[in-house]
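Work through these exercises with the model in view. Try each task before you read its solution.

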Amino acid sequence: MMLRRLAPVLGALLLLAGCAPNLPFAVDGVVPPPVAVADGSAERRALNARVYDAAVDHVARHYYDGDHRGVNWAGEAAARREATVSAPTETDFYARMHPLFDLLDDRHTSVTSPARRAELQATRLGQSGAGFGLSATRIGDDWIVTRVRAEGPALAAGVQVGWRIVSVNGRSELTAVTPSLGQTYAFVFEDENGAVQALDVTAAELPARPVHEATRRDDGIVVLRFDRFDDASVAWLDDQIAAMRADPPRGVVLDVRDNGGGLLASLGEIVAMLHEGQVAYARQKGRFIDTEYVTRPRATVWTGPVAILIGPASGSASELLAAHFQEYDRGPVVGQTSAGAVIGSRYVELPDGGVLSLSLNIILTPRERRDLEGAGVVPDVAVEPTLADRRAGRDVVLEAAVAALPAD
C-alpha cells in the first residue's frame, strides 16, 4: 500500500474525513436560522420533501460504502418517503427520518433537526437551556442513563442512574426529542431488575455542563476532561499544559469518556502536545494510497506520565487518541471499550436549517492500521464501574488510572 503524509492543515470544516465534491458542507460552529413554515401546511410538506430528497441523495451519491452496508438504500428511501414527508411538524418529520438512517447501523450518518441542532450549539457554547437533567449513553442499541443532575427535573421525578430509556413520548430514538421549556414528557424506563418505570419529566432551564474541566488532586495528579475535539479544546489544553510548567504535576489523566469526537485537525494538535517530535495520529484509507496524518511541532508539550480514560461514549477522535496511546506506548488506556464509531464524516447543510452527518471514508489507526469501526479500543486496564459505584458517585475508573501511573 502506497502512503502519503500530510500535516494537519485541513481547515475547520474537517470532521475525520476527506473531501467529497458538490456538497454544501456546514461550517463548524455556524448554525443558520431554521426555515419557518406552519405545521400541517402545504409549505411544511414541500419543505419536508426537499429535505428528505436532499438527505437521501447525498447518501446515495457520496456514502463511503457503495453497497450502503448491505442496505437497499434507494428502495428503502422510496418506500418510506410518503409517510415521512407527510409529517405535520418538524419533530414528527425527523422522528420518521431516523429509522431510515438507522438501517445503515452507522453512528456517523444521521440527520439532526434545526431545533436539536440549535440546542446542541447552545450547549457547546455553554449557554443554559431547556433540559431534563439527565445524561444517557448509547450502548449497543440501548440508551442507558449515566448521570442524573442534582436539583434537576429527572432527579425530582425519581430517575435513577443505570436505567434503560425505553421511550420518550412514545419514541424510542432519544435524539429525536428536543426538550421545550415547561413541557412535560412521558418517559418509559426499564430499571436494573427489568421492571418498567413510567415517569413524567418536565423540561426546565438548566446551565450547560462545562465542556472542559481541570482538577488538581491532592496526590499531585491533574485530571483534564474535555468533551469535544475543536479549536476551543486545543486552546484550553494548551493553557493547562503551559500552567503545569511552573508547577509540574506527578502525572496527567486525560478524560474523554464523554467525548464523542470532533475535528481531525484538533486531534492532531492534541497528539502533538504529548510528543516532542513529529508523530502520526491517523490514516485515511484509500483504494491505492493511504494518507497518513502527522503532527506539527508545538511549543507547549507534556512529556511526563499520562493516562487516558475511555468508555462507551468515547467516539471517533477520542478513539483514535486512545489508539495512539497504545501504538506509541504513551501511557495506559483505562476504562471500558470505546464506541467503535470511527468512520470519517462531515456535516452537510439541509434545506430547512437541519444538518446531515455523512460518512465519507475509512479512518485507520496510525501505526497498526486498525479499523476501529464497530470494534472500538479495548483498554489496557479494563474497569467497569458497578451500578452501586455509579449511584454513589465513586469514580473507580479514575482511581484505576491514577494507580496505573508511575509513583513518585
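Two strands pair if DSSP finds at least two bridges between them. Helices (H or I, at least four residues) and strands (E, at least two) are DSSP runs, numbered from the N terminus. This is a predicted model, where local features need pLDDT (the predictor's confidence in each residue, from 0 to 100) of at least 70. Residues are numbered from 1 along each chain as its sequence is written.

**Exercise 1.** Find in which sense strand 5 and strand 6 pair.

Solution. Take strand 5, residues 142–148, and strand 6, residues 164–168. Two bridges link them, in the antiparallel sense. Trp-143 has Ile-165 of strand 6 as its bridge partner.

**Exercise 2.** Count the bridges that join strand 6 to strand 7.

Solution. Strand 7 covers residues 184–190. Four bridges join strand 6 to strand 7, and the two run antiparallel. Ser-167 stands opposite Val-188 in strand 7.

**Exercise 3.** Describe how helix 2 and helix 3 cross.

Solution. Start with the axes, which are lines fitted to C-alpha atoms over the stretch in contact, with angles from 0 to 180 degrees between N-to-C directions. The axes of helix 2 (residues 73–85) and helix 3 (residues 90–102) come within 10 Å and cross at roughly 165 degrees. Helix 2 is therefore roughly antiparallel to helix 3 (angles over 145 degrees count as such).

Next, list contacts (heavy atoms within 4.5 Å).

**Exercise 4.** Find how confident the prediction is.

Solution. The mean pLDDT is 89, and 94% of residues reach 70 or more. Over residues 1–14, pLDDT stays under 50.

Note on methods: This is a predicted model: local features need pLDDT of at least 70, side-chain atom pairs count only at pLDDT 80 or more; totals for chains, interfaces and linings use all residues. Side-chain values use heavy atoms; hydrogens and water are left out. Angles under 35 degrees count as roughly parallel, over 145 as roughly antiparallel, 65 to 115 as roughly perpendicular and the rest as oblique.
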